[in-house]
Amino acid sequence: MLKKRIIATIVVKNSIAVQSFAYAKWLPLGKPQCLAENFDRWGADEIVLLSIDRKDEGPDLELIKSISELGLTTPFIYGGGIRNCKDAIEVINSGAERVVLDNVIFKNISEVDLIAEVIGVQAILASIPLIEENNGKILHYNYSMKKKEDISLKLKEIIKKQKISEIILIDKEGEGSINGFNENFINEISNYTSLPILVFGGIVNKKQISRLLSKKQISGILIGNSLNYKEHSIKKIKTSIDSKQIRAHQIDGYK
Amino acid sequence: MLIKNSVAIIDYGVGNHLSVLQTLRNLGYRAKISRDKNEIDKADVLVLPGVGAFPTAMHYLHKYDLVSYLKDAHKSRKPLIGICLGMQLFAEYSKEIELTEGLGLIPGSIEPIKEKKWHIGWNSIEASREDNIFKLSDNESMFFNHSYCYQGPKKFIFARSSLDQRNNSIVSAIRKGKTIGLQFHPEKSQQSGLALLDRIINEVIT
């Protein structure tokens with residue numbers, strides 16, 4: 001049976017790994033390559049690298065290649081700046097197994113068909129940042145336009161296409177905090193789709209990790225900043241939640 | 001480190017070849033990426049990797065005139081390992097996007113995964129026969145990332161992976177002679193994957 005995944009997340013700005021706070025403030029952490037090597041050694045189930053400043057420049061191919069050249073044995077997902085099919089192919093050819101699409105989904109949904117034809121649906125994830133207003137209404141946060149949008153129509157269109165294999169739900173306000181992921185987002189998205197969901201933003205509490213993993217639609221959890229605070233943090237998380245739904249930590253050292 | 005045998009990774013334009021290259025080098029093999037048949041010929045083992053859709057991959061194999069080359073390699077019992085889409089290309093045909101003829105090295109077809117649209121993440125493999133190299137990796141987790149799967153005669157199926165508790169499963173490894181297909185990514189399956197890949201290469205070389 002498929003295991004649910006603990007996914008190590010590296011947020012990158014100007015090709016430097018950063019500690020991000022609600023995608024509004026950043027503190028430098030160091031070279032993304034060093035973090036990726038740590039997460040590989042510590043037994044992450046997947047590593048996702050999100051370049052958050054590539055809107056107009058396209059994906060950071062040099063960075064992807066440099067990560068790939070490390071010879072990591074953990075699956076690697078890249079997101080950031082993918083504008084079209086050509087970008088997506090270059091990301092895969094540079095060494096990522098899967099791609100995260102963000103703006104292109106909302107700006108040019110037909111391009112997603114082309115991407116799926118070449119790299120396959122299984123290699124496509126959609127990033128959906130959400131915020132909850134004071135009145136409880138849940139909205140999509142459009143980073144490129146810096147505005148909140150109704151999510152229902154666009155999301156229905158995306159789901160209908162069936163060209164995405166997993167959704168990354170991002171708690172925009174919770175990202176970088178220790179306040180926990182807003183679980184109302186999962187209920188909201190479940191109204192539209194049965195696609196597997198990955199969650200990201202503010203997830204540090206082990207009780208919440210266990211609760212999130214117990215939800216049927218959740219296929220994995222993205223954890224960012226807090227993994228860098230302690231050596232072997234992923235192993236510690238896996239051991240502490242002791243869930244049969246996740247892959248046990250492997251003993252290091254075949255190479 | 002003792003330099004082991006040489007491995008050629010077939011470059012057909014689509015796919016994540018760099019990861020496979022680094023993994024093989026880390027395992028001590030002399031590995032290179034190439035679509036030059038003279039270069040590929042010199043290798044002891046051929047690896048056909050793959051991330052992408054079946055019709056696109058076959059299009060590129062035709063474009064680079066690799067279809068008959070791979071068929072001849074299989075016939076002459078040159079060791080050949082297919083990874084993920086690379087394994088699927090060994091089949092006779094695929095129903096992904098449109099009906100597309102494959103390399104036809106191993107009888108069988110590539111079909112949509114029943115009841116599930118995708119099989120993404122870590123799953124254990126179960127060796128389906130006692131006398132095979134997958135037995136040592138029985139119940140070990142490997143990384144899968146696919147939405148279509150192999151269906152074919154039992155005698156070519158060497159490992160399966162469960163999809164649910166209702167006995168639905170997918171084929172995770174196939175073999176005919178020295179041609180071996182892995183539905184999972186051994187190069188991305190940490191220690192378990194590396195150990196199995198090393199074992200497979202050692203076996204097909206001898």
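**Entry: what I am looking at.** I am working with a predicted model, so I treat what follows as computed values.

**Entry: chain B as a whole.** I looked up the secondary structure and found six helices and 14 strands in chain B. Next I checked the radius of gyration: it is 16 Å for chain B, close to the 17 Å that the globule rule gives for 206 residues, so the chain is as compact as a globular protein of that length. Along the principal axes, the C-alpha atoms of chain B fill a box of roughly 50 × 40 × 25 Å.

**Entry: inside chain B.** I asked what share of the residues is buried, and 51% of the 206 residues in chain B count as such. I also looked at contacts in chain B between residues at least 6 apart in sequence; 67% of these join residues at least 24 apart.

**Entry: where the chains touch.** Here 32 residues of chain A are in contact with 36 residues of chain B. On the chain A side, helix α5 (residues 109-119) gives the most, with three residues. By class, that side of chain A has 11 nonpolar, 11 polar and 10 charged residues.

**Entry: a sheet in chain B.** I traced an open sheet of four strands in chain B, in the order β6-β5-β7-β11, with mixed pairing. Strands β6 (100-101) and β11 (148-151) of chain B stand at the edges with a single partner strand each, so one side of each is left without a neighbour in the sheet. Strands β5 (residues 93-94) and β7 (residues 109-112) of chain B run parallel and are joined by two bridges. I noted B:Tyr93 opposite B:Ser109 in β7(B).

Terms used
Residues are numbered from 1 along each chain as its sequence is written. Chains are lettered from A and ligands numbered from 1 in the order in which they are written. This is a predicted model: local features need pLDDT of at least 70, side-chain atom pairs count only at pLDDT 80 or more; totals for chains, interfaces and linings use all residues. The radius of gyration is taken over C-alpha atoms; the globule rule is 2.2 Å times the number of residues to the power 0.38. A residue is buried if 20 or more other C-beta atoms lie within 10 Å of its own, exposed if 12 or fewer, and partly exposed in between; C-beta atoms are placed from the backbone. Two residues are in contact if their C-beta atoms, placed from the backbone, lie within 7 Å. Ala, Val, Leu, Ile, Met, Phe, Trp, Tyr, Cys and Pro count as nonpolar, Asp, Glu, Lys and Arg as charged, and the others, Gly among them, as polar. Two strands pair if DSSP finds at least two bridges between them.
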